[in-house]
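Thanks, everyone, for making the time this morning.

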Amino acid sequence: MSTDHTEFINRHRRTVVHTPKKKHNNLHMVLLLGIVLLYLVSLIYIVRLAHIDQSTIILSVSVFLLASALAFVARRTQNLQRRQEKELVLLGEVFEGSRGGRLIADSADNTLYCNQKFKELCASKDNSTYSGLVQMFSGNDQAESLFLALSDQAHRGLADSIELYCDKQDFEGWYQVSAQPVAGHAGYIHWRIDNVTEKYTADRAVREEREKLIDFTDNAPVGFYVVDEKGKFLFANATLARWLGADLKKLLESGHLHTYLEEPPEKGRPYDLIESGGDKQLVEIEMKGSGGRTFLASINHNVIKNEDGTVRTRAVVHDLTSERAMRRALKASEDRFRRFYEEAPLGIVLVNDDGMIEDCNSQFAGMMDRKRSKLEGKHFKLLISDADRERVLDAMKHMQEGQPMEEALEVSLQGRDEREIATQLHARRLADGGSTVLHFIDVTEKKSLERQFVQSQKMQAVGQLAGGIAHDFNNLLTAIIGFCDLLLLRHKPGDSSFGDIMQIKQNSNRASNLVRQLLAFSRQQTLRPRVHDITDILTELSHLLRRLIGANIELDMVHGSDLGLIKVDEGQMEQVLINLVVNARDAMKEVGHLSITTENFTNREEISVMEEEMPPGHWVLIKISDTGCGISKDNIGRILEPFFTTKGVGEGTGLGLATVYGIIRQTGGYLDIKSTVGKGTTFYVYLPRISESEEEEEEEHTFEEDSAKDLTGSERILLVEDEAAVRTFAQRALVNKGYEVLCAESGDLALEMLKTEDLDKIDLLITDVVMPGIDGPILAQRIRQSSPNLKIIFISGYTEDKLKEYMGENTYFLPKPFTLKALAAKVKEVLVG
C-alpha cells in the first residue's frame with residue numbers, strides 16, 4: 001500500500017550530510033619511506049664495494065620491496081582491526097547505555113545489532129527485528145505505511161522520525177521512532193525508539209492550558225491589548241477585535257492604537273491615550289471601528305518601559321456602551337412589553353380583587369367585539385357565560401387565598417349580541433397580590449376543528465359500516481335480480497307469474513337504490529363521470545322537478561351564461577338535485593317559492609364552507625333557495641349526518657342530505673348551507689369546472705352504445721365467486737348466451753383447476769374481489785404470471801376506487817348488483833374490445 005507522506009516528511013525532514021574523511025599523510029608512511037631509501041642507499045654502496053652482478057641486485061631489491069609492502073599491509077590491517085574493535089565496543093557501550101531502543105538493519109531489514117532495551121520493547125515471535133518494531137504498534141492501522149515511509153526516507157539518505165502511540169501491555173504510551181541512514185553503508189538503517197510519554201503529556205497539557213487561556217481571553221467580556229513604542233498592536237483578544245470590527249490577524253499585522261481612537265492625542269506618543277501620557281492611564285474615550293461605528297470605552301492602560309528602550313503596554317478595555325444601552329434597553333423593554341401586550345395573539349385582562357377590569361389589551365376587546373373603554377371598569381363576571389360563571393369565580397377566590405390555578409379552564413365568554421366565544425382561561429396572581437392577570441385564548445376554531453374531527457370519525461365509522469352492509473346486500477341483490485331475469489326468460493308478459501316476478505325485481509331495484517344511497521353518503525359508490533353542461537341536466541330534469549314540488553310551489557330556473565362544463569355522473573347529479581328540491585318542498589309545507597340559479601364562480605383564496613376549507617379555483621355554482629321554515633343553529637351542524645332527520649317517523653330516512661353531501665364531495669365539489677329561521681334556506685353546490693384539455697380528452701372517449709347489439713358468444717370463461725347464488729346465476733346467464741363457463745367457489749380452487757386446464761384456452765376471467773383465502777386481486781396476479789394478456793373482469797359490491805392499484809390494461813370492473821343484460825353486455829364488450 002503506497003501512502004503519500006509528503007507532509008509528514010516535510011515536517012520531520014532532517015538531511016544527513018555524509019562528509020568524506022579528509023585524506024592526510026600518515027607518519028608511518030614517512031618513516032617507512034625513509035627506511036627504504038636508507039636501505040637502498042646502503043645496498044648500492046655495498047654492491048659497488050663487493051662487485052655483485054646486476055641480476056642478484058635486482059632480485060634482492062625486489063624481495064626487499066615485497067617484504068616491506070607485506071609488512072606494511074599487515075601492520076595497517078592490524079591497526080584498522082584494533083580500531084574497529086574499539087569502536088564497536090564503544091558503540092555497544094553507548095547503545096546499551098542509551099535510554100531508548102536501538103536497532104541497526106541492512107537493506108533487507110535483517111538485524112545487525114540491537115540493544116537490550118530494544119529487545120525488551122520489541123521482542124516477539126520474530127525476535128528482535130524490524131518486523132518486531134512494526135508489530136509493537138500493531139494497534140495503529142497506519143503504522144506499517146508510516147514505517148515504510150521512514151525506511152524509504154532513510155534509503156534516500158534522509159533522517160526522519162514520527163511519534164506513535166503503543167497500546168501493548170506494560171509498554172503503553174507515546175514513542176518517538178527515528179530512522180537514520182548509516183554513513184558509508186548504503187542501505188543500512190539505524191532505528192531508534194524512545195519513550196516520550198512524559199514529554200508528550202507535558203506538551204499536550206501545556207498546549208491545552210494555552211488553548212484554554214486563549215479561549216478565556218478571546219471570550220472574556222472585556223478587551224485586552226498590548227502595543228509597542230510605535231503604537232503597533234502586538235496582542236489583542238477576539239473580544240476587542242470584534243468591538244473594533246476588525247479582523248484579528250490584520251489587527252496584529254498592521255493595526256495601530258491611534259487608528260482606532262476617535263480623537264487621538266495630538267501631542268501624545270504613539271502608545272498614549274492622553275496627551276499628558278504617564279505610566280498609568282485610566283480614561284474614558286471614544287473608540288471607533290469599521291464603518292464609522294464608535295463606542296464609549298473605559299481603558300486601564302499601563303505603560304512598561306524596558307531597559308533596552310522598548311515599550312510594552314498592558315491594557316484592559318471595558319465597553320461602556322452596555323451601560324448607556326441599559327437605560328435605552330429598559331425603555332425599549334417597556335415599549336416592547338406594551339407592544340407585546342397590545343399585539344399578543346391572546347386576550348389579556350387585568351382584574352383587581354373586587355373583580356373589576358382595570359385594563360385589557362386590544363386583542364381581548366376585539367374578541368369581545370367591544371371598545372376597550374366599554375370594558376374597563378366593568379365587572380369581569382358579566383362577560384362570563386352563565387354556565388361557567390360560578391366555576392370561574394370559585395377559581396378566582398382560591399387564587400386570592402394563595403392557591404394557584406394549576407390547569408387552564410374552558411370558559412365561554414358572552415360577546416356582542418349574546419355571541420358565545422369558546423376560550424381557554426389561564427390566570428396568575430401578581431406578586432404584589434393586588435391584581436390578577438387573566439389570559440384568554442380563543443379556541444373557537446379549535447373547537448370547530450374538534451367537532452369536524454369527531455364528525456369525520458363518525459362519518460368514517462358509519463361509512464365503513466354502510467360499505468360492509470352494502471357489499472353483502474349487493475351480493476344478495478345480484479342473485480335476486482339475476483334469477484328474476486332468468487325467470488323472465490321463461491315467463492313472458494301475459495304469464496300468470498310475470499307480474500310476481502316483476503314485483504320482486506322492482507323491489508330489488510328499490511333496495512339497490514337504497515344501497516346506492518348508503519354508498520353515496522359514505523363516498524364509496526361507483527361513479528361514471530362524463531362531461532356535462534349543468535344547464536342540459538336541469539332542462540331535462542325540470543318537468544320531473546315540477547311534478548315533485550306540486551302546483552302550489554313556484555319554481556324559477558335562472559341559467560347563467562357561458563357556464564363552464566363539469567365532469568359528473570349524470571344519474572348521481574340528478575339525485576342530488578332531486579333530493580335538494582324535495583327537501584326544500586318539505587320545508588315549505590307545499591307552499592312557497594323555489595329558485596334554482598347557476599353561475600360561474602372563482603375564488604382566489606380559500607373560503608370556509610360548512611366548516612371545510614374550499615381551495616382557490618374555478619367552479620360552477622348551483623344555488624337552490626327556498627322560502628321555507630329555515631334550519632336552526634342547533635340542527636345546521638348536524639343536518640349532513642346520516643340518519644339525522646327532523647321529520648316524523650316514516651316521513652324520511654335521514655339519508656337525503658347525507659347522500660347529497662357524499663356525492664358532491666366524491667365528485668370533487670363542496671356544499672354550503674345558509675339559512676335563516678322563518679325566512680328560508682339556500683344550498684350552494686360548488687362543482688369544479690373542467691379544463692379544455694379534459695374536455696378534449698372526454699370527447700375522444702365518447703361513443704354511442706348500440707343497445708341492440710348481439711350479446712352472444714362462444715368463448716371459454718373462468719368464473720370465480722364465493723357466493724353460491726351469484727355464481728349459479730352468472731353461470732346460467734353466460735351459458736344461455738352461448739359461452740363455455742368453468743366455475744370455482746374460491747381463488748384456491750380456481751388455481752387447482754388451472755393445474756388440469758389449459759390456461760391458453762381460457763379467454764376471460766371473471767372473479768369476485770373479496771373472497772376467503774386467495775382473493776380476486778391476488779388470484780389475478782398469479783394467473784397473469786403465466787398468461788399476462790388474459791382479460792379480467794372484477795365484480796364486487798365495493799367501489800372501483802378500492803381496486804385502483806390493481807386496475808390496468810385488460811382489467812375491467814362490473815359493480816354489483818348487475819342484471820343479466822349488464823353482465824352479458826360487459827362480457828361482450830371486454831371480449832370484442
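Let me begin with an open sheet of five strands, whose order is S18-S20-S23-S25-S24 and whose pairing is mixed. The edges of this sheet are taken by S18 and by strand S24, residues 670–676, and because each of them has a single partner strand, one side of each is left without a neighbour in the sheet. If we ignore direction, neighbouring strands of this sheet are turned against each other by 20° on average. Please keep in mind throughout that this is a predicted model.

Within that sheet, strand S23, residues 617–626, and strand S25, residues 680–688, run antiparallel and are joined by eight bridges.

Now to the nonpolar side chains. As a general point, nonpolar side chains in soluble globular proteins tend to be buried together. Here, the largest nonpolar core has 37 residues, and the members that touch the most others are Ile534, Met573, Leu594 and Ile622. Taking Met573 as an example, and not counting residues up to four places away in sequence, we find that it touches Ile534, Ile537, Val568, Ile622 and Leu687.

Which strand holds Thr598, and is this residue buried or exposed? Thr598 is found in strand S20, residues 592–603, and it counts as buried because its relative accessible area is 4%, where the cut-off is under 20%. The side chain of Thr598 reaches the backbone nitrogen of Gly560 at 3.0 Å. Leaving aside its neighbours within four places in sequence, Thr598 is in contact with a set of residues that includes Ile534, Leu538, Val558, Leu563 and Ile622.

Ser746 is buried, with a relative accessible area of 12%, and a polar atom of its side chain lies 3.3 Å from the backbone nitrogen of Leu749. Not counting residues up to four places away in sequence, Ser746 touches Val720 and Met771.

Let me move to another group of strands, around S11. Strand S11, residues 311–319, has a covered face made up of Val311, Thr313, Ala315, Val317 and Asp319, while its uncovered face carries Arg312, Arg314, Val316 and His318. Strand S10, residues 294–305, pairs with S11 in the antiparallel sense over nine bridges, and His301 stands opposite Ala315 in S11. S10 and S11 form a hairpin with five residues between them, and Gly309 in the turn has a positive phi of about 95°. Strand S7, residues 223–227, is joined to S11 by three bridges, again in the antiparallel sense, with Val317 in S11 as the bridge partner of Gly223.

A few words on backbone geometry. Most residues other than glycine have a negative phi, and most peptide bonds are trans. Asp109, although it is not a glycine, has a positive phi of about 65°; Asp109 lies in the loop between strand S2 (101–105) and strand S3 (111–114), and it is partly exposed at 27% relative accessible area. Asp562 likewise has a positive phi, of about 55°, and is placed in the loop between strand S18 (553–558) and strand S19 (566–568), where it is exposed with a relative accessible area of 73%. A cis peptide bond joins Lys816 and Pro817, with omega about -5°, and Pro817 belongs to the loop between strand S30 (811–815) and helix H24 (820–832).

Finally, how many disulfides does the model contain? The count comes to zero, taking a pair of cysteine sulfur atoms within 2.5 Å as the rule. As for individual cysteines, Cys360 is buried at 0% relative accessibility, whereas Cys743 is partly exposed at 24%.

Methods:
Residues numbered from 1 in each chain as written. Predicted model: local features only at pLDDT ≥ 70, side-chain atom pairs only at ≥ 80, totals over all residues. Heavy atoms only, no water. Helix = DSSP H or I, 4+ residues; strand = E, 2+ residues; numbered from the N terminus. Buried < 20%, exposed > 50% of the residue type's maximum accessible area, 1.4 Å probe, protein only. Polar contact = N/O pair within 3.5 Å; in protein donor to acceptor, adjacent residues only side chain to side chain. Contact = heavy atoms within 4.5 Å. Pairing = 2+ DSSP bridges. Axes fitted to C-alpha atoms, helices over the stretch in contact; angles between N-to-C directions. Core = buried A, V, L, I, M, F, W, Y, C linked by side-chain atoms within 4.5 Å.
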